Each structure stands twice: as structure tokens, then as C-alpha cells.
Amino acid sequence: MGLIKYLKHLVSSNSGARNPAEQIDEALRLIAAGNLLEDAGSAKNALELYAKAVDLAPKLARAHINHGNALKALGDFELALQSYATAMKCDPTSAGAHFNTGNTLAACNRREAALSAYQRAIELNPNFVEARIARAVVLQDLGRLDAAI
């Protein structure tokens with residue numbers, strides 16, 4: 001059995017969560033399986049699992065972030081941004097949601113908006129090195145080298 005079939009079988013055979021704690025646990029399992037699929041180059045299959053995770057735990061920011069990441073990988077930037085916005089509503093302190101928003105905005109050449117998203121991620125997590133680097137790259141692209149340092 002291939003990886004994709006195995007993960008889908010594993011996830012479907014463990015479904016049926018009843019209470020909120022079980023639903024969150026099941027959503028986290030779906031996210032983990034989706035991450036494996038994405039790492040294996042199957043964003044489309046990962047997206048299916050992330051969508052199920054969102055359905056099971058609609059207030060779990062991590063589910064929306066992963067959903068957005070798969071959408072971005074598939075080229076659907078606007079829906080990815082919507083997923084990140086939902087993640088921020090679920091958890092306004094999610095530096096990851098702001099960072100991924102910045103990445104998606106930068107990919108859409110919406111650099112000023114990307115800078116704001118990166119800045120917010122850094123405010124929420126001052127040690128977020130990837131956000132600092134991404135912010136510096138955008139500043140460099142904009143010719144604002146002094147601010148990039």
C-alpha cells in the first residue's frame with residue numbers, strides 16, 4: 001500500500017470522535033498525516049486531510065494554517081489568505097498565521113502588506129528568525145536596505 005493510501009486508510013479508520021477533546025485529537029492526527037503527505041509532495045491529498053481537520057476543530061488555528069499552506073502550495077493564494085485570516089480569528093496571538101500571511105502576500109507582490117504581517121509575527125514572537133529574514137528580504141526587494149539590516 002502506498003503512503004497516500006495508507007495515510008488515508010489510517011485516518012479514516014480512526015475517525016468518529018465524539019467529544020471536543022477527541023475532536024481536537026483527531027484533528028491533530030489529520031494535520032500530522034497531512035504534513036507527511038505534503039512532505040511527500042502531495043499537497044492535494046494533504047488539503048483533504050486539513051479540510052477534515054478544520055471541520056472537526058473549527059477553532060483550532062493550526063488546522064486553518066495548515067489548510068492555508070496547502071492552498072498556497074496549490075497556487076490558490078486568495079483562499080490561503082482566507083484560511084490564515086480565520087486562524088488569526090481563532091488565535092490572534094498566532095505568529096505563524098501572520099508569518100504565513102506575509103509569505104503569501106509577498107508571493108502576490110503585495111510587499112507593503114507582507115511587511116505588516118511579518119512585523120506583527122515578530123511582535124508576537126521576537127525570536128521568530130524566519131519572519132525577521134523574510135521581512136529583511138522584502139525590505140531589500142523594495143530597496144530599503146537600511147531598514148533591512
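**Helices, rings and one asparagine**

Mentor: Start with helix 4. Its buried residues are Ala61, Ala63, His64, Ile65, Asn66, His67, Gly68, Ala70 and Leu71. Keep in mind that this is a predicted model.

Trainee: How far apart are the end C-alpha atoms of helix 4?
Mentor: They are 18 Å apart. Helix 4 covers residues 61–73, so 13 residues at 1.5 Å a residue should span 18 Å, and the two values agree.

Trainee: What comes just after helix 4?
Mentor: Glycine 75, with a positive phi of about 90 degrees.

Trainee: Back to asparagine 66. Buried or exposed?
Mentor: Buried. Its relative accessibility is 10%, and the cut-off for buried is under 20%, so asparagine 66 qualifies.

Trainee: Which residues is asparagine 66 in contact with, leaving aside neighbours within four places in sequence?
Mentor: Ile31, Asn35 and Tyr50. With asparagine 35 there is a side-chain to side-chain polar contact of 2.7 Å.

Trainee: And how far is asparagine 66 from alanine 46?
Mentor: 8.9 Å, C-alpha to C-alpha. In sequence the two are 20 residues apart.

Trainee: New topic. How many aromatic pairs are in the whole structure?
Mentor: The search finds 2. Take phenylalanine 99 and tyrosine 118 to begin with. Their ring centres are 6.0 Å apart and the planes sit at 45 degrees, so that pair is tilted.

Trainee: What about the rings of phenylalanine 99 and phenylalanine 128?
Mentor: Their centres are 4.8 Å apart. The planes meet at 40 degrees, so this pair is tilted. It also links distant parts of the chain: phenylalanine 128 is in the loop between helix 7 and helix 8 (129–141), 29 residues from phenylalanine 99. Phenylalanine 128 counts as buried, at 14% relative accessibility.

Trainee: Which residues do the ring pairs link into a cluster?
Mentor: Phe99, Tyr118 and Phe128.

Trainee: On to helix 8. Which of its residues are buried?
Mentor: Ala131, Ala134, Ala136, Val138 and Leu139. Their cover includes helix 6, helix 7 and helix 9 (145–148).

Trainee: What span should helix 8 have?
Mentor: 18 Å, from 13 residues at 1.5 Å a residue. The end C-alpha atoms of helix 8 are 18 Å apart, which agrees.

Trainee: What follows helix 8?
Mentor: Glycine 143. Its phi is positive, near 80 degrees.

Trainee: Last one, cysteines. How many disulfides?
Mentor: The count comes to 0. The cut-off is a sulfur pair within 2.5 Å.

Trainee: How exposed are cysteine 90 and cysteine 108?
Mentor: Cysteine 90 is partly exposed, with a relative accessible area of 28%. Cysteine 108 also counts as partly exposed, at 24% relative accessibility.

Definitions and conventions
Residues are numbered from 1 along each chain as its sequence is written. This is a predicted model: local features need pLDDT of at least 70, side-chain atom pairs count only at pLDDT 80 or more; totals for chains, interfaces and linings use all residues. Side-chain values use heavy atoms; hydrogens and water are left out. Helices (H or I, at least four residues) and strands (E, at least two) are DSSP runs, numbered from the N terminus. The expected span of a helix is 1.5 Å times one less than its number of residues. Buried means under 20% relative accessible area, exposed over 50%, partly exposed in between (1.4 Å probe, protein chains only). Rings of Phe, Tyr and Trp (its six-membered ring) pair if their centres lie within 6.5 Å; planes under 30 degrees apart count as stacked, over 60 as edge-to-face and the rest as tilted. Contact means heavy atoms within 4.5 Å. A polar contact is a pair of N or O atoms within 3.5 Å; within protein, one must be able to donate a hydrogen and the other to accept it, and residues adjacent in sequence count only if both atoms are side-chain atoms.
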